[in-house]
Amino acid sequence: MKTKTVVLSLALAFMSASLLADDDCNDPMTNWQPQENLRQKLEAEGWTVYRIKVDDGCYEVKGEAPGGFRAEASFSPASLMLMELEREDDDEDNDDDRYRNNSEKREGTPGSNPSAVPRNGIVSGRPSVTVE
Amino acid sequence: MKQILSAVGLVIALASALAMPAFAQAREVTFTIEMKNYGGDGAYLALYLADGEGQYQGTLWVAGEKSKYYSHLSGWARGSGLNAVEYDGLTGASLASGRTLKINLDLDDALIDSGYEIRIDTAVEDMRDHSDDIAVPLTSESAGQPQAGRGYIQSFQYDL
């Protein structure tokens with residue numbers, strides 16, 4: 001009886017952990033596509049794939065994204081849909097701050113050069129922005 | 001001397017002729033985003049243009065300057081591939097709870113009433129991400145009409 005309770009508690013604990021983890025992929029394994037399919041899809045999109053592994057039920061890819069930056073990305077193993085994309089150069093400022101003097105604490109990598117002129121062909125000139 | 005003046009005049013006339021169509025096609029658009037009092041840290045948001053099927057076409061503005069958080073703006077991140085060329089010169093500070101952001105920019109006139117949409121993704125640290133907090137058609141008819149957001153945005157409108 002006692003064993004049954006412990007097993008049940010453990011089962012519930014694992015279930016709630018997986019429910020709380022938003023970034024996990026929950027595709028049933030029977031629906032998973034081979035990693036090779038993902039590699040071919042990404043290479044066709046312009047990626048250079050360094051490696052693919054399974055993490056939290058997702059396919060986790062390390063490589064160079066079409067934009068020319070190193071990236072780590074998660075994909076749904078069934079649909080091969082992009083779940084998360086992270087630039088690798090941003091990892092440098094992840095948690096390194098804990099090794100730094102507080103006065104040297106970094107603010108992180110800026111998204112772009114704020115004084116740059118837009119280059120995407122949609123917006124001409126730098127927008128003017130106000131916050132109230 | 002006369003010849004030089006004529007040549008200068010011709011150059012100026014040609015330059016004006018080339019420049020005028022570019023100005024004539026641009027339309028000044030003001031986007032106003034009012035945030036809810038959601039009570040968290042500053043919100044990251046991506047304002048972008050999509051076609052009628054929701055496919056990303058271009059970035060209009062990104063509030064929030066740390067690129068490591070950009071992946072939380074998932075619809076925009078997928079479309080732009082987080083390629084810096086897409087958002088260079090179009091980023092600024094994140095937007096605090098309850099504040100209002102106004103963005104004035106010049107858009108190609110041909111984009112208006114042509115089946116495009118304005119979309120906004122929002123994200124706040126330790127809170128839920130909202131892809132398509134706003135999705136409204138870019139039309140003369142919708143201009144000036146406030147739209148309620150589905151996430152952290154209280155209301156959004158654009159004026160042509």
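**View 1. Secondary structure of chain A.** Chain A of this predicted model holds two helices and five strands. Helices here are DSSP runs of H or I with at least four residues, strands are runs of E with at least two, and both are numbered from the N terminus. Along the sequence, the order in chain A is α-α-β-β-β-β-β. Local features need pLDDT of at least 70, side-chain atom pairs count only at pLDDT 80 or more, and totals for chains, interfaces and linings use all residues. Residues are numbered from 1 along each chain as its sequence is written, and chains are lettered from A in the order in which they are written.

**View 2. Burial and contacts in chain A.** Of the 132 residues in chain A, 16% are buried (20 or more other C-beta atoms within 10 Å of a residue's own, with C-beta atoms placed from the backbone). Take the contacts in chain A between residues at least 6 apart in sequence: 30% of them join residues at least 24 apart. A contact needs C-beta atoms, placed from the backbone, within 7 Å.

**View 3. Where chain B touches chain A.** Chain A brings 33 residues to the contact, and chain B brings 38. On the chain B side, β3 (56–63), α2 (74–80), α3 (84–87), β4 (91–92) and β5 (100–108) each supply at least two residues. The largest share, eight residues, comes from β5(B).

**View 4. Strands paired across the two chains.** Strand β5 (residues 123–131) of chain A pairs with β5(B). Pairing requires at least two DSSP bridges between strands. This pair is antiparallel and has six bridges. Val131(A) stands opposite Leu101(B), a residue of β5(B).

Note on methods:
Contact = placed C-beta atoms within 7 Å. Buried ≥ 20, exposed ≤ 12 C-beta atoms within 10 Å, placed from the backbone.
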